[in-house]
Amino acid sequence: MIAQCETLQDWDFGICMFRFRTWYAIHNSFDTALQTLLEDATRDVRQRPPDVALLFVNQPLAQRADDAREAVRQALRPRALVGATSSGVIADAYEWEREPALVLMAGWLPGVQVHAFALRPPDWRAVLQDATEFCVRTHLSRQTRAVLLLADPFTTPIEHVLDAFNTFVPGVPVIGGLASITAGGNRLFAGDKTHKAGLVGLTLSGNVDVDVVVSTGCRPISPVFKVTGARDNVILSLNHQPPFDHIQALVDRMGDIEREALARGGLLIGRAVGSYRDRDDLMQTGEFLIRNILGVDASTGAIAIGDEIHRGALVQFFLHDAEAAADDLAMRLTPQQLYEPPAGVWLFSCNGRGTNLYGAPNGDVQIVRGVLGDVPLAGMFCAGEIGLLGGQNFLHGHTACVALLRPAESDEAVNAHAEALEVPSACLP
């Protein structure tokens, strides 16, 4: 499905411009919220159905999520529709974590191929281990520029799914997150179907550039250590000493502010990812994949973390706090000011951010729009965020993952990307 401009009148109305629009409605009554949302959207969507529609429904309205999806599909007739329920939803300059809210974003993307898809149990083994099946089911090709992924964390082996993307289409960014309602309560939208399990996604190919920014919101509080002993997810030694010895030394040196941050958010550990020449280069250009510390073995000083770890890995300890989160997100977005403003922005924030982190609503969106301006923006709070870091797609925690969408600069850029992408034959052309 490729968006095309069919008449000169289409151009006159601006329909064939690469653009996004966002609408939202907040009301305790689902029917009132949906009516308000669709009245606003259909008033603006008159000349041509959008190529893409994203729908986010937060928890107070989640029981009627399927009704919302079908009403949006009937009213807007988008070429591709995806979305999910969530503990909180995001639109433009606002974040609604508890209030009943519906968020809808539509996009008109000339020259872009858009495909919605769904993967559900018991498909996983057949799909994730077979390159041909994986590419066919997810509509991947040499022209693929990005994938939006929304998943139920209780029924999706998300790490294996991301491994498949990293293996079959390395370098293609995947952006999204895990739906954040309790087990059995999540709903995922893809076209004319609502799913209670698995994942849904959207493949974007052709005339689109997607930049992904992953902001950890953490600040380092230690030197970089080398893992000198490890087993599965347990670190046995750092620089040939028990990890807990290093942690105790850190805590002993902490001031009052750091101890308060430690009490609020706990100590985190980051594993270096990406390419770097040495430790000095790592400190300047490296990225760290942040993980929780799950426990300590008092007898040996070993620590268990929320990821597999190997000997030779470089790690660093971090604290999570509001000031670091705000500064890091602004810093990582600032280079985007060198380019034209994005036509649209997708924001997937950890459900531990928002008021839990900043103490007030709209923390992340204020930073995003403060840097980028009043761009159309939509997203949700997640129980785990998905984004590209150091050239690979990971499941993150504590992060804000941002996708910035623009029309591709030229056909030559699209073709160069396609030629550089190594994909299985099933993903051709």
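This is a predicted model: local features need pLDDT of at least 70, side-chain atom pairs count only at pLDDT 80 or more; totals for chains, interfaces and linings use all residues.

Visitor: Is Cys 350 buried or exposed?

Guide: Residues are numbered from 1 along each chain as its sequence is written, and side-chain values use heavy atoms, leaving out hydrogens and water. Buried means under 20% relative accessible area, exposed over 50%, and partly exposed in between, with a 1.4 Å probe and protein chains only. Cys 350 has 10% relative accessibility, so the residue counts as buried.

Visitor: How far from Cys 401 is the nearest cysteine sulfur?

Guide: A disulfide is a pair of cysteine sulfur atoms within 2.5 Å, and the count by this rule is 0. Cys 401 is in none; its nearest cysteine sulfur belongs to Cys 382, at 8.0 Å.

Visitor: Why do the buried residues of H5 line one face of the helix?

Guide: Helices here are DSSP runs (H or I, at least four residues) and strands likewise (E, at least two), numbered from the N terminus. In H5, residues 131-138, the buried ones are Ala 131, Phe 134, Cys 135 and Thr 138. They line one face because, seen down the helix axis, the directions to their C-beta atoms fall within an arc of 95°.

Visitor: Which residue caps the N-terminal end of H5?

Guide: Look for a side-chain oxygen 2.9 Å from the backbone nitrogen of Thr 132. That oxygen belongs to Asp 130.

Terms used. A polar contact is a pair of N or O atoms within 3.5 Å; within protein, one must be able to donate a hydrogen and the other to accept it, and residues adjacent in sequence count only if both atoms are side-chain atoms.
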